Amino acid sequence: MGIKIKSRLKKNIWLLLFITILQTGVSFGQSIDSTTSIAAPKIYKVAVFAPMYLDSVFSNTSFNTSNTLPRFIMPAVEFVQGAQIAFDTLSLNGKKAEAFIYDSKSVARPITWLVQNKLLDSMDLIIGSVKDPDYQELANFAVEKHIPFVSATYPNDGGITQNPYLIIVNSTLKAHCEGILSYLVQKHGTDKIYLVKKKGDDRIENYFKDANMEDGKPLINIKTITLDSSISSYTLSRRIDTTDAIVIIGASLNETFAKKLADACYPIQKNNPLVLIGMPNWDGFRSFAKKDAYPDFPILYTTPHYNSKNTVYDSLIVQKYFQLYRAKPSDMAYKGFQTAYFFTNLLLNNSSDFMSHINDTQYMVFHNYNFLPVHVGANSDTPDYFENSHLFIMQILNGEIDRAW
């Protein structure tokens with residue numbers, strides 16, 4: 001299978017050597033002999049958007065930094081790199097496709113300009129590692145043109161409603177709370193469960209209340225504890241029942257609050273069984289990454305992404321990524337690979353009924369999805385969007401991250 005690169009970025013050749021995938025057109029597929037009487041097959045088109053800020057990185061044709069790319073663009077670059085490797089890996093079985101990589105932060109050709117000039121009208125699938133306002137623009141365009149839009153990394157619905165073409169891969173905070181509740185019902189239903197929140201921060205508590213009372217009565221008993229900034233083992237121990245196994249839900253996205261809560265839980269768990277479950281962003285807190293921070297005390301959190309190691313696809317992306325960039329693929333590269341590989345395969349094989357196949361497992365890479373229709377309005381028959389509800393319980397233990405459930 002041959003790959004043709006069609007560069008539309010008039011940028012420094014150094015960039016093309018350093019990250020070859022920052023092209024806006026990549027066509028891939030087997031060609032059809034023009035002398036045959038067989039009709040030319042449809043060319044499926046996939047648009048990938050990521051905020052690469054190339055206009056900031058480059059001034060005319062000059063590189064703005066001395067020898068490295070700015071760190072703030074690297075997540076987007078790595079996402080696109082992973083997607084490019086996926087496109088190179090696809091088995092097309094005689095089909096043809098083109099992928100178009102767009103810088104969502106382009107000054108010369110922003111999303112608004114692309115829409116106005118109808119450059120996206122021919123797309124069959126849009127994949128975006130974007131957030132507001134780019135997310136809103138792409139979602140609005142997708143529903144208008146009936147084009148599936150896969151939001152790969154933004155954990156938010158952005159207030160979008162009545163958009164059955166929007167697919168949210170990176171689950172919202174509400175979905176994470178529902179996933180934690182499901183885990184507690186299955187694994188800790190008889191334990192003493194406490195939701196610890198910061199004064200005035202009610203959003204996460206409200207998500208748990210809504211999920212816990214979905215059938216009109218609580219699934220499990222959850223007691224809320226409101227603490228100010230002065231959290232200590234003494235104040236926490238006086239608010240909980242230590243005669244039974246304890247589960248603490250850290251209902252905050254704030255790192256300072258999360259660290260103080262973990263500091264308070266650590267002495268208690270030495271003498272009493274205690275499980276601390278945090279929010280999905282806790283994996284990025286430096287406080288928990290230190291090997292000796294909380295020896296032998298696991299801190300749990302949820303994530304929709306889990307990269308199974310030592311698999312065929314893991315070996316493939318690790319090998320290919322090193323060949324191209326002399327580095328190990330990041331989490332964003334893995335996300336770009338899985339998203340592009342899975343959804344492009346669905347498009348190639350189910351183009352006429354794409355949305356009905358978004359939970360197919362045939363083309364899964366590192367883990368499964370479970371996309372459920374979300375109805376924000378109780379009386380709405382049309383899904384407001386589809387959201388991935390397949391979550392993993394992970395643990396941070398002695399500075400290492402591993403799957404717990």
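**Exercise 1: around Ile248**

Work out which residues Ile248 touches, leaving out those up to four places away in sequence. Keep in mind that the model is predicted.

*Solution.* Next, zoom out to the largest nonpolar core, which has 49 residues; Ile248, Leu276 and Trp282 touch the most other members. Helix α9 (residues 255-269) supplies the largest share of this core, eight residues. Apart from this core there's another one, of 48 residues, with Tyr321, Ala340, Phe342 and Phe354 among them.

**Exercise 2: classify two ring pairs**

Sort the pairs Tyr135–Tyr154 and Trp282–Phe288 by their geometry.

*Solution.* Start with the total: the model has 24 aromatic pairs. For Tyr135 and Tyr154, the centres are 5.0 Å apart and the planes make 65 degrees. Planes over 60 degrees apart count as edge-to-face, so that's the label for this pair.

Trp282 and Phe288 have centres 5.6 Å apart and planes at 40 degrees, which makes the pair tilted. Both Trp282 and Phe288 are buried. Follow the ring pairs onward and you get a cluster of Tyr266, Trp282, Phe285, Phe288, Tyr294 and Phe297.

**Exercise 3: trace the partners of β17**

Which strands pair with β17, and in what sense?

*Solution.* Take β14 (residues 299-303) to begin with: it pairs with β17 in the antiparallel sense, over five bridges. One spot to check is Tyr301, whose bridge partner in β17 is Met394. Then go to β18 (residues 400-403), which is joined to β17 by four bridges and also runs antiparallel to it. Here Leu397 stands opposite Glu400 in β18. The β17–β18 hairpin has two residues between its strands, and Asn398 takes a positive phi near 55 degrees. Finally, five of the six residues of β17 (residues 392-397) are buried, so this strand is largely enclosed by the rest of the structure.

**Exercise 4: check helix α12**

Compare the span of α12 (residues 331-349) with the expected value, then look at its burial.

*Solution.* The helix has 19 residues and reaches 27 Å from first C-alpha to last, close to the 27 Å expected at 1.5 Å a residue. As for burial, 16 of the 19 residues of α12 are buried, so the helix is largely enclosed by the rest of the structure.

Conventions: Residues numbered from 1 in each chain as written. Predicted model: local features only at pLDDT ≥ 70, side-chain atom pairs only at ≥ 80, totals over all residues. Heavy atoms only, no water. Core = buried A, V, L, I, M, F, W, Y, C linked by side-chain atoms within 4.5 Å. Buried < 20%, exposed > 50% of the residue type's maximum accessible area, 1.4 Å probe, protein only. Contact = heavy atoms within 4.5 Å. Phe/Tyr/Trp six-rings, centres within 6.5 Å; stacked < 30°, edge-to-face > 60°. Expected span 1.5 Å × (residues − 1). Pairing = 2+ DSSP bridges.
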